[in-house]
Each structure stands twice: as structure tokens, then as C-alpha cells.
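Have the sequence and the 3D view at hand.

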Amino acid sequence: MIVDTVPFYAIILKSVIVKEDNCEVFIAERDRLSAQALFPDHKVFSSRCTDPENLFYADASSRTPRYFSETHRIMAIYAGTTPADANRMLDAVKATGKFPGANIRRMRTGFNGT
């Protein structure tokens, strides 16, 4: 069974390219925890490999499914359900000066429980 969320906006804080869905490549949990400390009221999340027991992250702005989890490992922060929410969150992220490449993505997440 595959369960998907409704689309939402996230701010991509950090991204790492992976080849062949290498599960040895990921963003360290200490990095996620450091970012979470900056934004205690918004969930900071990171992706791992696309094994069935892990969450997957998909680009919801594309007509054809693009799964970030297959080509990148991301660390992102939940930014709400509207473009206005996302822009406010992006401004807050940029104000920290810690994530120079931060950008808005409309996405969804899911779980493959098969």
C-alpha cells in the first residue's frame, strides 16, 4: 500500500546529488537537528534512499512524477500550503544567512508500505 500526502510547500535547505540511488549518501542527522533548532515551529526533514520502508519525496509542480529521492538527498523545512506561506518561510530562512541556496518547492511525500 502506498500512502501520499496532499501537496505542500517546502524550502529546500540543502541538496546532494546521488547516483544509482546510493543509500550510503545522505545528509547527516546533526545537520537536520541544527536546522530544526533554528525553526522549532516548522518541521525540518531529510530524505534517505528509496527503500520501501523510507518516505519518498516527489515534485508536485511537475505534470510527470519526479521523485527527488531517486536522484537527490534533500534537507527541507515545511513551509505551508500556500505560496504566501512559502515566501514568508523563505524570507525567514534567508534571514539566517545559513542556507544561501534555499529555494521553494511544491512537493508531496509518501510511504510505500508494500
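A residue is called buried under 20% relative accessible area, exposed over 50%, and partly exposed in between (1.4 Å probe, protein chains only). V3 is partly exposed, because its relative accessible area is 43%.

The model is predicted: local features need pLDDT of at least 70, side-chain atom pairs count only at pLDDT 80 or more, and totals for chains, interfaces and linings use all residues. Residues are numbered from 1 along each chain as its sequence is written, and side-chain values use heavy atoms, with hydrogens and water left out.

Helices (H or I, at least four residues) and strands (E, at least two) are DSSP runs, numbered from the N terminus. V3 belongs to strand β1 (residues 2–4).

Helix α3 (residues 83–96) has A86, M89, L90 and V93 buried. These buried residues line one face of the helix, because they fall within an arc of 105 degrees seen down the axis of α3; the arc is that of the directions from the helix axis to the C-beta atoms. R88, D91 and A95 are exposed on the other side of α3. G97, with a positive phi near 70 degrees, follows α3.

A salt bridge is a side-chain nitrogen of Lys or Arg within 4 Å of a carboxyl oxygen of Asp or Glu. The whole structure holds 3 salt bridges.

| Salt bridge | Closest N and O atoms |
|---|---|
| K14 and D31 | 3.1 Å |
| R32 and E29 | 2.9 Å |
| R88 and D85 | 2.6 Å |

R88 and D85 are 3 residues apart in helix α3, about one turn. R32 is buried, with a relative accessible area of 12%, whereas E29 is partly exposed at 34%.
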